[in-house]
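Have the model open and follow along.

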Amino acid sequence: MVTPDQKRDAVAHLQSVVLAGQEQPLSQRAACEVIGVQRALVRKPKTRSLKDAPLKQQLATLCHKHPRYGYRRIHALICRDGPGTINLKRVHRLWKEAAHQVPLRKKRRPHRGKGPVKAPQEALYPSHVWSYDFVHDKCRGGAKLKLLCVNDEFTRQCHAVEVGASLTAKDVQNVLHRLFATHGAPAFLRSDNGPEFVQNDLQNWLATQKVQTLYIEPGSPWQNGKSESMHGKLRDECLESELFNHRLEARVVIEHYRLAFNSQRPHSSLGYLTPNEFAQNWKLNQQTLT
């Protein structure tokens with residue numbers, strides 16, 4: 001679709017060049033006839049374009065910084081950064097004009113089994129249910145990366161992304177021990193049936209911490225949907241956008257993403273609040289109720 005500004009620019013270009021067989025550039029009337037636009041459109045001052053210029057610049061800056069964000073999340077960032085309220089339709093119009101659309105992911109084949117089963121024990125408050133799982137990647141030279149992600153299912157806060165070449169059940173226990181000391185132990189821990197999560201020593205230690213375990217059914221990743229969602233964002237917005245030279249660089253970059261994920265990234269499921277803001281608001285609301 002050709003925008004009015006693009007049509008004006010085309011007419012201006014024709015007026016500035018001498019075409020073959022012509023002794024001088026075309027007049028505005030003749031250029032409009034060639035392009036096929038009304039002279040009123042060309043003669044109308046670009047009041048809206050001038051008014052939109054600061055917003056266009058802000059939009060371009062945010063899209064460059066967050067290339068995988070959609071226009072709704074970019075709109076939330078714009079409203080967060082500046083005074084007043086910017087209309088979502090206005091942001092969408094400028095977004096389309098500048099061709100900032102994010103390429104769609106390839107759709108997965110629909111599951112043909114018995115169908116989704118609701119995850120047991122839905123999170124009802126912070127530190128009620130945590131989920132943890134592994135994500136795999138590699139460095140530029142082929143060195144393997146194994147990431148342990150630990151998330152609070154209620155607030156969507158990512159408490160840790162531990163990066164290593166390989167992570168054992170003992171490594172998982174050490175990460176959880178550190179997080180329990182910082183955030184307190186959750187009531188439940190949700191995971192798949194991976195050997196690192198069902199190991200006896202880890203299970204015995206969790207029992208001493210009074211943490212109950214929840215295991216999803218084999219082949220049922222939708223039962224761990226909150227964790228899978230976070231992993232998708234981590235891969236889409238960080239792992240597939242970066243090329244790590246070594247594990248130390250991967251640790252630094254991924255930790256920076258985790259902190260931004262908690263404190264800067266608006267989440268549509270949280271009303272476009274960040275996980276930290278959502279957790280803080282919930283705490284304040286509970287204090288008000290009591």
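Start with α10, which has 15 residues and reaches 20 Å from its first C-alpha to its last, close to the 21 Å expected at 1.5 Å a residue; the expected span is 1.5 Å times one less than the number of residues. Helices here are DSSP runs (H or I, at least four residues), numbered from the N terminus. This is a predicted model, where local features need pLDDT of at least 70 and side-chain atom pairs count only at 80 or more, while totals for chains, interfaces and linings use all residues. Residues are numbered from 1 along each chain as its sequence is written, and side-chain values use heavy atoms, with hydrogens and water left out.

Buried residues (under 20% relative accessible area, 1.4 Å probe, protein chains only) in α10 include Ser-227, Met-230, His-231 and Leu-234. The buried residues of α10 pack against the elements below, counting contact as heavy atoms within 4.5 Å.

| Partner strand of α10 | Residues |
|---|---|
| β1 | 129-138 |
| β2 | 144-152 |
| β3 | 158-164 |

Helix α11 is a partner too. How do α10 and α11 pack? Their angle is about 125 degrees, with the axes 11 Å apart; axes are lines fitted to C-alpha atoms over the stretch in contact, and angles run from 0 to 180 degrees between N-to-C directions.

Met-230, Lys-233, Leu-234, Glu-237, Cys-238 and Leu-239 in α10 meet Val-253, Ile-254, Tyr-257 and Phe-261 in α11.

Note on methods: Helix = DSSP H or I, 4+ residues; strand = E, 2+ residues; numbered from the N terminus. Buried < 20%, exposed > 50% of the residue type's maximum accessible area, 1.4 Å probe, protein only.
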